[in-house]
Amino acid sequence: MSNIFLALGPVPEPPEPDPWAGVSMSWTGTDGSSWSLECSKGVYLLAGVEGLTREEAPTLYTSQSANVHGETFRGLNFGPRPVFWPVKVYAPENSQAWLELDKKFAASLNPRGTGVWRVTQPDGTWRELTCRPLRDGAGGWRDMPGARSWKHYAIEMVAEDPFWYGPPIESPLWKQADPIDYIPEEGAPPLHPGSIQTFGSAVMSNPGDEPASPLWTVQALPGGSGVSSVSLSVGGVSTGFGAIPAGQTLTIDTDPRVQQAMLNGVDVTGSLTSWDFPQILPGADVPIGITMTGEGTVQASIRGPRFDRAW
C-alpha cells in the first residue's frame, strides 16, 4: 500500500490598500538595485513606518552658573535617526517566483553598506535619507519559505546622517577667458586689457533646516593659459588659491566635516589663503562672488539642503 502526501501550494493573499497613496517611496539598495515601494509592486510598505519625521529629541548642551538661575542653551546634536519599515514581500505566481523576489530584496539590505530611501511628493519634489539596514525582523517562520505568496518583515535601519536631503542647489556656471587684444585703427598702439576680473556674483539660498556649506569647483580651461589666482567669497568672507594649470580642477569643500581643498586629487588645503568658511544659515539668502585671473570656470553648489522631515 503506497502512501500519498498532499502538499499545499502557495496560499494567495491580496495586497492591502496602499497607505501611501499621497506620496511615492523608493529604495536604492545597498547593492545598487532599485525598488518602487508601491502597493502595486512586489515589495511595499505597510502602515507604521518610522523615520519620516523628527521622532526623537536632540541632545541639548547647556551651561549653568551659580549667579544665574536656570540654564543657558549652548547648542544641540541630532543623533542617528532610527528607521522602521513594516514591509510585505508579495509574489502570487508560484513558490519559486516568491523565493526569487525575496532573495533579491534581501540582497538590497546588506548591513555592510548603505542605501537611499527617497520620498517624492505629488508635485515631483523629493527628499532622500541614506540608511544602513540592521535586521529584517522576520519574526520566525511558521511555514516553509515559499509555501505562502507573501511574508511580512519588520525591517530596522539607521540613518547615521540623520537629515533628509533635497535636490542639490547650484550657482550659475561662470566662465572666464583671457581677453583678446584690441587692435585699433592704423597708427594707434594696441590695447592689452588685464585678465583679472570680478566676473561672477549671485545669491545662494538655503531652504533647509540646517546650515549649508558650499562646495566650490574651479576648472582651468583645457588648452588655455591656466588660472593664475582665484578668490571666492560667501557673504563677503573670502578664501583664495594660486595657480591652477590648464585642464586641472580645484575643489574646495567648506563643509565643517570635511573642509578640504583638492587639486586633481592632491590635497592642497594648506595653500588656501584663508580657512574661514562661513555657512549659509537656514532660510538665508547670501551673496557669493568670484574674482579670477586667467581662463577657467567656477561653480558653487550645495550637496542638498538638509531637512528634519521627508517633506
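## Strands and ring contacts in a predicted model

A hairpin of 2 residues connects β4 to β5. Strands here are DSSP runs of E with at least two residues, numbered from the N terminus. This is a predicted model, in which local features need pLDDT of at least 70, side-chain atom pairs count only at pLDDT 80 or more, and totals for chains, interfaces and linings use all residues. Residues are numbered from 1 along each chain as its sequence is written, and side-chain values use heavy atoms, with hydrogens and water left out.

Strand β4 (residues 59–65) runs antiparallel to β5, and 6 bridges join them; two strands pair if DSSP finds at least two bridges between them. Thr59 is placed opposite Asn77 in β5.

The whole structure holds 6 aromatic pairs. Rings of Phe, Tyr and Trp (its six-membered ring) pair if their centres lie within 6.5 Å; planes under 30 degrees apart are stacked, over 60 edge-to-face, and the rest tilted. The ring centres of Phe78 and Phe163 are 5.6 Å apart and the planes are at 75 degrees, so this pair is edge-to-face. Phe78 lies in the loop between β5 (68–77) and β6 (81–90), and Phe163 in the loop between β9 (150–159) and β10 (164–165), so the pair ties together parts 85 residues apart in sequence. Phe163 has 8% relative accessibility and counts as buried (under 20% relative accessible area; exposed is over 50%, partly exposed in between; 1.4 Å probe, protein chains only). Ring pairs also link Trp27, Trp85, Trp117 and Trp164 into a cluster.

A charge sits over a ring if NZ of Lys or CZ of Arg is within 6 Å of the ring centre and within 35 degrees of the ring normal.

| Charged residue | Ring | Distance from ring centre |
|---|---|---|
| Arg118 | Trp126 | 3.8 Å |
| Arg127 | Phe307 | 3.4 Å |

Terms used:
Helix = DSSP H or I, 4+ residues; strand = E, 2+ residues; numbered from the N terminus.
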